[in-house]
Amino acid sequence: MADSNEHSAEDLVEEGLQLYSQGALDRAIEKWNEALGLVEDHPRAKDYIKYVEDNRAALEASFMQAAEAADASDAPASGDGAGEPAGVEEGQDELAAERARRVLEQADPRETLPLPGIEPTARMDVAELRDKVDQTKGQRSTPSRTSPAVGTSERHRRPTPLVLVPGEGEPSDGGFEPLEQTPVGVGLPRPHISDPDRAAEDEEPSDRFPSLQKTPFVVPPADLFEEDFNPPSPVQAASTGDDRVASMLQGARQLREQGTYEGSLWLCERVLSLDPQNVEARELLEENRRVLLEQHRTTIGDQTGVPVVLIPQHEIMWHKLDHRAGFLLSRIDGQLSYEDIIDVSGMGEFEASRILSQLITLGVIGAKR
Amino acid sequence: MDKVIGIDLGTTNSCVAIVEDGTPLVIPNRGGYKTTPSMVAVAENGKRLVGHIAKRQAITNSENTVYAIKRLMGRRFNSPAVKASMETVPYTLVEGPNGDVRVRLRDREYSPAEVSSHILQEMRLIAEEYLGEEVQKAVVTVPAYFNDGQRQATKDAGRIAGLDVIRIINEPTAAALAYGFGKNIERKVAVYDLGGGTFDISILEIGNGVFEVISTAGDTFLGGEDFDKRIIDWLVFGFAKEHKIDLRKDKMALQRLKDVAEKAKCELSAVKETEINLPFIISTSRNDALHLQRGLTREKLEELTVDLVERTLLICKKTLREADIDRSELEDVILVGGQTRMPKVQEMVAEFFGLEPCKGVHPDEVVALGAAIQGSALVDEESDMLLLDVTPHSLGIMIVGGYFHKLIEQNTTVPTNKSHVFTTVKDNQTSVKILVLQGEAERAEENELLGEFILTGLRRAPRGEVEVEVTFDISADGIVSVSAKDMETGQEQSITVTATSGLTEDEIRRMIQENKDYLLELKESEEYEREKQAVEKVIDEVEKLFPEVEQTIAASDFGQDAVNKARIVLDRAKAAIAARDKQSVADSREALNRTLNMFKGVVAKTRLG
């Protein structure tokens, strides 16, 4: 009977995971609670419930974004046979997805936690980390690139994998599409990156569902998010628009307090898309923009300086950039200053400064010597 | 002797030249280029962008970027040229208060002369930077077909830019001047001018230092940009075939395509194959950035554009036929305009005229050089060079039945004058109305009205008895005077046709003042930036030394006091920069330098000790 209960509890946990992967957080919690009803103190069910409750605001935002992105990608191509240039119409979505990634990355400090028995590295590739976890746990080591997707029996036995989507190169499961189908560029091989500090960044999968992809096989300590988030309980978080707005606004406030301005900004934008008259969101948004712009200006330094591209074109292609970054890069001609480039960007000072500061940070551009 | 610059105010690019020590030379701009895009834009923050920088955002900010303003110079809003432009340009054209055309950029309207003045001013600044002195006089070139209003608009543009335009000359004349400079030649030549936006063919007769335009024609909507467009289309369709994405729908992608198409085209004038690389050209709905990589050969480019070259040759053929000139009469072909650097163009032109085009003059620079030569000759009293211009259009009056009677034919060398006797058309007619017209059409209303006046007090007599002599007089500056005289009484009425650009004198004065204010602001802003950079450098140095100095001297009261004072100096300087207060920034520099010297002294002492 105990075995039977355990088996059913495992099934319920798996069903919960499936629901979670679809963004049905409340229903997932219900399943895990049912599992707890069968096996008291079921470790995974408890951990999952705790994790979802602690991170509800950010998770909801991420799922919402993922759903919008999926809708957008399903949109039919234009009538003339040529597809819409997604970069234009969906530029905002991409931006939002990028921001969502940051919100969740920044809200999820687990990825930088050292694991028991694993030598700490600056940042590890998810797959690399997973291999090490497997080895540490003494389980059958499964090569990361071919590890089975969530839902397989092997994964069931792991105490804490809250990774619900396949990693790069893994087969998808249950109709969940691989998130990153191609590396940057068309027909170009991904480079072999030996720098461990940059490896995780460059191997980073899609921006679309970033947080989920980047979540390593690590159990967050129970109290990890208590200071950062105080999300509403599943009961409180009803699916009404007002509640979503309140939840996101709270998340935005908290991220702002943490100094995670990008994440806070993105949540403010989401709030304003649902409630354009929301005064607090608008004020918070402006404040975030002001602080971020100041940060970008600091990174850029002297705006009258003339930037140059520091690396050859074939190396630029290795970076994960978008068409806007590509456009700004193409404006760099050794004559135009940062100020000029911002003027000619056509994307406003905030956005242009953000991209330029990113390019500087990546080492793609720098001051003319 | 005053410095006079020669400016080729082109539809797509402009160029400035000067004669130095008897040698004409083109002045490069700050970027080292000898031509500057004739583009003016207003950025999102209201900043005026001129030339190269305006071109770099011409498509992403297309509604607020003006190009090819030359096509609108001196035009009425309801003219066919304006209507044609309205269909092709992305910026907004509106009717001005005087029935002229205006361009709307963001929240302001600009006259074409005002926009051109920004370009002329840029050329002036380029020259001043090179010469290290102020430049006030200029010779500006215009197409041979420009009418008086268009020429006047060009003069007004110069005036707004703070330039005294001492002479307006025709572009082919300027090209021929540069071609004939230092040579004593007598021949008939063709000037084949394929620029960025227009094509002109002119036949000139050069002899004894006299340059006469015999005939001119062209297409104001055919130029190098059409060649670029063919490359863009080829790239766009290739990409669409592969990815099902139309890059033209993305402004950023289109801007990059435009830039790269022009670059590839220029490269293919020198090499046979080039690689087009546009990384991260567009992002897909799956957030993948796609790259565009394609090789383009000269052969392919020629295949894509050969019909455009053929179009120019058809115009050449028609012009020669209408002017009754045989190709064999021509002794040289001068190539003008960047597009003529394309080997296929040179080859087809050579084949058409049966002559190898002249290689002695640079097609991008030849017009500006000619203008500079003319400018130099005008202020040099010892110069014996004679430059004769021609009337771009026929001049005449309206006669009975609404017909146009030409007194001065098109392409007549100026200065000139001509008279003709007319009679009354009604019995007891006591007055005649003289309508002065310019153009080539038979019907008076299809030509441009330059002015009108009435001669009264004629003797009452049967029709045809009273004779009135009408005289047209055109000065070397192109000023047209018309008089009508009653042959019996000697009574006379006259009119001086003052060409107008559509701007009133008050408007011109206001624009001149605005331009002066703008230049002053620009100068102050540049001075502030220089000051700011200098101060920031010192701040940086002081801040680097701060920890070491603090550690060394802060232990004593005196030292602590010095450190506190240094901190105040730094804070004040930073506050001045934050406030963009030029004077405060400048004031903070001295105190900062003192602090830096003190810090350096402390550090040196510490390190030695």
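Two residues are taken to be in contact if their C-beta atoms, placed from the backbone, lie within 7 Å. On this basis, among contacts in chain A between residues at least 6 apart in sequence, 67% join residues at least 24 apart. The structure is a predicted model, in which local features need pLDDT of at least 70 and side-chain atom pairs count only at pLDDT 80 or more, while totals for chains, interfaces and linings use all residues. Residues are numbered from 1 along each chain as its sequence is written, and chains are lettered from A and ligands numbered from 1 in the order in which they are written.

The model scores ipTM 0.74 and pTM 0.67. For chain B, the mean pLDDT (the predictor's confidence in each residue, from 0 to 100) is 90, and 98% of the residues reach 70 or more. Chain A contains 17 helices and two strands; helices (H or I, at least four residues) and strands (E, at least two) are DSSP runs, numbered from the N terminus. Of the 369 residues of chain A, 40% are buried, a residue being buried if 20 or more other C-beta atoms lie within 10 Å of its own.

A nonpolar core is a set of buried Ala, Val, Leu, Ile, Met, Phe, Trp, Tyr and Cys residues joined through C-beta atoms within 7 Å. The largest such core has 139 residues, of which Ile7(B), Val16(B), Ala175(B), Ala176(B), Ile334(B) and Ala371(B) touch the most other members. Its largest share, eight residues, is contributed by helix H10 (residues 366–379) of chain B. Apart from this core lies another, of 31 residues, including Leu17(A), Leu59(A), Leu255(A) and Val271(A). With residues up to four places away in sequence left out, Val16(B) touches Ile5(B), Ile7(B), Ile27(B), Met123(B), Ile126(B), Ala127(B) and Ala368(B).

Strands are said to pair if DSSP finds at least two bridges between them. In chain B, four strands form an open antiparallel sheet in the order S21-S20-S24-S25. Strands S21 (403–408) and S25 (448–455) of chain B are its edges, each pairing on one side only. The twist averages 30° from one strand to the next. Within this sheet, S20 (residues 395–399) and S24 (residues 432–438) of chain B pair in the antiparallel sense over three bridges, and Gly396(B) has Leu437(B) as its bridge partner in S24(B).

A further open antiparallel sheet of chain B has three strands in the order S6-S5-S7, with S6 (48–50) and S7 (65–66) of chain B at the edges. Two bridges join S5 (residues 40–42) of chain B to S7(B), where Thr65(B) is the bridge partner of Ala41(B). Helix H3 (residues 112–131) of chain B lies across S5, S6 and S7 of chain B, at about 60° to S6(B); axes are lines fitted to C-alpha atoms, for helices over the stretch in contact, and angles run from 0 to 180 degrees between N-to-C directions.

Definitions and conventions
A residue is buried if 20 or more other C-beta atoms lie within 10 Å of its own, exposed if 12 or fewer, and partly exposed in between; C-beta atoms are placed from the backbone.
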